[in-house]
Amino acid sequence: MRKNLNVIAAYSIMMGLIILVGIFQSWNIALSIFNLCLISAVMTMGANIQWGYAGLINFGIMGYTALGGLAAVLISVDPVQEAWSEGGFNILMSLFFIIIMVLAVKYILKKYKKSKIRTYSIAAIIILGIVIIRFTAEPGIEAIESVNPAKTGFLGGFGLPIIFSWIVGALFAGGLAFIIGKVALGLRADYLAIATLLISEIVIAIIKHEDWLTRGVKNVIGLKRPAPYEVNLQQTDWFINLVEKFNLSKLNLISDLSERQAALNQFVIEGSSVFVKLCYSGLFLVVVIILLILTQKALYSPWGRMMRAIRDNEEAANAMGKNVVKQHLLIFVLGSAIVGIAGAMLVTQDGLFTPGSYRPMRYTFLIWVMVIVGGSGNNFGAILGGFVVWFLWIEAAPIGLYLVNLITAGLDNSHFLKVHLIESVPYFRFLMMGIGLLLIMRYRPKGILPEKIEIK
Amino acid sequence: MDFINAIILLLNYIFIPALAYGSQLALGAIFVTLIYGILRFANFATGDMMSFGTMVTILFTWYFQSLGISLGFLPTALLAIPFAIIFMASYMLLIDKFVFKYYRVNKSPPVQLAMVSIGVMFVTQAVVRIIIGPSDRRFFDGEKFLIRAGEFKEITGLNEGLAIKSTQVITIIVTLILVSTLFWFLNKTRTGKSMRAYSDNEDLALLSGIDPKKIVMITWIIAAILATIGGALYGLDKSFKPFTYFNNMLPIFAAAIVGGIGNPFGAFLGGYVIAFSEILLTYAYKKFFMYILPESMEPEGLIQLLSTDYKFAVSFSILVIVLLYRPSGIFKGKIL
């Protein structure tokens, strides 16, 4: 118990801060911060597995997040029958050709020894394949995109409950990570960082511009929800009764009947959105707890010990007969899959998929700040990092505004410096993150909750 | 005649824009490569440092404009650049003193330095946005075109016009001067040689009495010159927007690695490789083939290999291919 005192203290302070936001701002804001904290925590756990357990740098978090989001769209949206009948055949044909192309390349790679002729023939197959695929896909894509472009213009998905997409998102992200890992894991640490960063940009470019699959920058809105809708809740009897029970003391103060009804309505509207957010919190909390148990188990298992050995001394681990390449690939896939889950969760919560919003600052570098600040190699630290950094990221604007007002208190309200500073308050969050990261790196390089391995 | 038209078309839409864009990338790539070669880390703050330099240039330009100083047909920014460089160099030395020095002295692994550079990236980005704001800014003044498309058509009597923007010419000329001076400095002067020695083998260089503090300081000053000029030229040619500069970091990295990281000459050429491949692969060749081929064979589609949306993706794919087949870059990296 005593050993874990700092963990408990850190988490209680964090929860206290969120509760304070609930009391002073509103419970709606507090819960939306809490939900995004949970999602960030899942992402950090993914990144932490790669960086903390195995020392692999993955700057491609944005790409996996977006793939998870794509999974949410493909699973939950109803299929667009017309688009399928117009261009579905062409798309399936080109998919078929892609598979044939990959198999052909694999066959050649396996069958023939490395030589110039082999390289050239592979290049020829790829170029020929791309030309064929383009010619089959082009008419299909055009047909699909012209089907009611204002509303659909894409193939749609499978129309399944969106919750399944969390698993599919993990599969998508893991699949991409497998491909990237196969080609890029041999690179040195900083090359790997740059390569993954650029590959994730390619993924985003594809998601943004392949309208037949994702609607691109036209966004997909109104995704199905695993939680009830506010509008429906506001008309359900048991919910109204529940809200009434909660706010009985406040309602009893109002004697006028019509006023009381109006107040109750207000409470119901507020309560419904809080209730929906609580549903999401519950779902997300389940995911976080399951992942936490699994990652903790993995950390203390023989496998976790092996990973640390590989991280700390790759050559020695290799000499002891551990397959470093295979383990690196495995952990790269696992970590990315977890990030994919987070991506699907994010889209589930928002109810919309906006490919234009995936930017490396928010989805890659911020997550890395979380991992470093929280404590790499420690799952509790990673989750805490997600909470602290996201909380600051959101609350930076109010804090910044307060500070600006404090510093410029002596200036006139219309003074140009004050006006300028107040306008630029949103950018104080970058400043705060940067300074926070630099301070942590300098004075507490292992993070708030450092890695602590107990040998039992 | 048609043949000349086709050539002019390519010059106008591919060659000259790619040359200008490539020069801008090349300056950034040499910046990355110098930091990587001498200070030994991947600097993720590259794009934002360039935007900081450009911001200072813009502020000085505005100041000069308010004083009524101008360079006639040349942009006022050219006058502002030297002042901006002084400012930028002191900013970089300040950052080095308070941030990077600690890790260098402690011989931290390069990964840690890269992480620290992310912190610097956040801070610099915040400073730029707080001072000048996130919006698009143009600070170009003076004569816009050297040759206008219409004038060119009149003079030569061709169908295709050739428009040369003065910013493109300025970019290319300034880059050539700057890069040749830099190579002269690195190859011929004592300090430059000691920088190369330090990059090649740190211990050996220290043994032979090279002062590491001086090397680091000069590296940062050169970096400040490259970042400010590269950023300002890009801003003059297109426009200044902090977010674009952050994004430009990616093709710049691609250029530095394709050219062989740590090798300034490679980075210089890498910039052009990236720029030309981006533009060549995403240009629609329909008009070109209309000039070249007889009428009966005129193409129907746009004859575009990739849509322009994939401009960035092209350079990144080249990078990935290079990383896989020749991790040391086309021109053999890791020697300065």
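Tutor: Happy to! The crossing of α2(B) past α4(B) is left-handed.

Now for the residues that meet there. From α2(B) come B:Asp48, B:Met49, B:Ser51, B:Phe52, B:Met55 and B:Ile58. Facing them in α4(B) are B:Met121, B:Thr124, B:Gln125, B:Val127, B:Val128, B:Ile131 and B:Ile132. Sorted by class, this contact has nine nonpolar residues, three polar ones and one charged.

Next, follow α2(B) to another partner, helix α10 of chain B, which spans residues 242-258. Here the packing angle is about 135°, and the axes lie 7 Å apart. That angle makes α2(B) oblique to α10(B). This time α2(B) passes its partner α10(B) in a right-handed crossing.

On the α2(B) side, the residues in this contact are B:Thr46, B:Gly47, B:Asp48, B:Met50 and B:Ser51. They meet B:Pro242, B:Tyr245, B:Phe246, B:Asn247, B:Asn248, B:Met249 and B:Ile252 of α10(B). By class, you will find six nonpolar, five polar and one charged residues in the contact of α2(B) with α10(B). If you look for B:Asp48 and B:Ser51, you will find them in the contact with α4(B) and also in the one with α10(B).

Let's step back to see how the two chains meet. In chain A, 30 residues are in contact with 34 residues of chain B. On the chain A side, the elements giving two or more residues are α7 (189-209), α16 (360-374) and α19 (428-443). The largest share, twelve residues, comes from α7(A). By class, the side of chain A that touches chain B has 24 nonpolar, three polar and three charged residues.

Finally, a word on confidence in chain A. Its average pLDDT is 88, and 98% of its residues score at least 70. Among the elements of chain A, helix α15 (residues 324-350) has the highest mean pLDDT, 94, while helix α11 (residues 248-252) has the lowest, 79. Where pLDDT is low, the predicted coordinates should not be read in detail.

Definitions and conventions
Residues numbered from 1 in each chain as written. Chains lettered and ligands numbered in written order. Predicted model: local features only at pLDDT ≥ 70, side-chain atom pairs only at ≥ 80, totals over all residues. Left-handed = near helix turned anticlockwise from the far one by under 90°. Helix = DSSP H or I, 4+ residues; strand = E, 2+ residues; numbered from the N terminus. Contact = placed C-beta atoms within 7 Å. Nonpolar A, V, L, I, M, F, W, Y, C, P; charged D, E, K, R; others polar. Axes fitted to C-alpha atoms, helices over the stretch in contact; angles between N-to-C directions. Parallel < 35°, antiparallel > 145°, perpendicular 65-115°, else oblique. pLDDT = per-residue confidence, 0-100.
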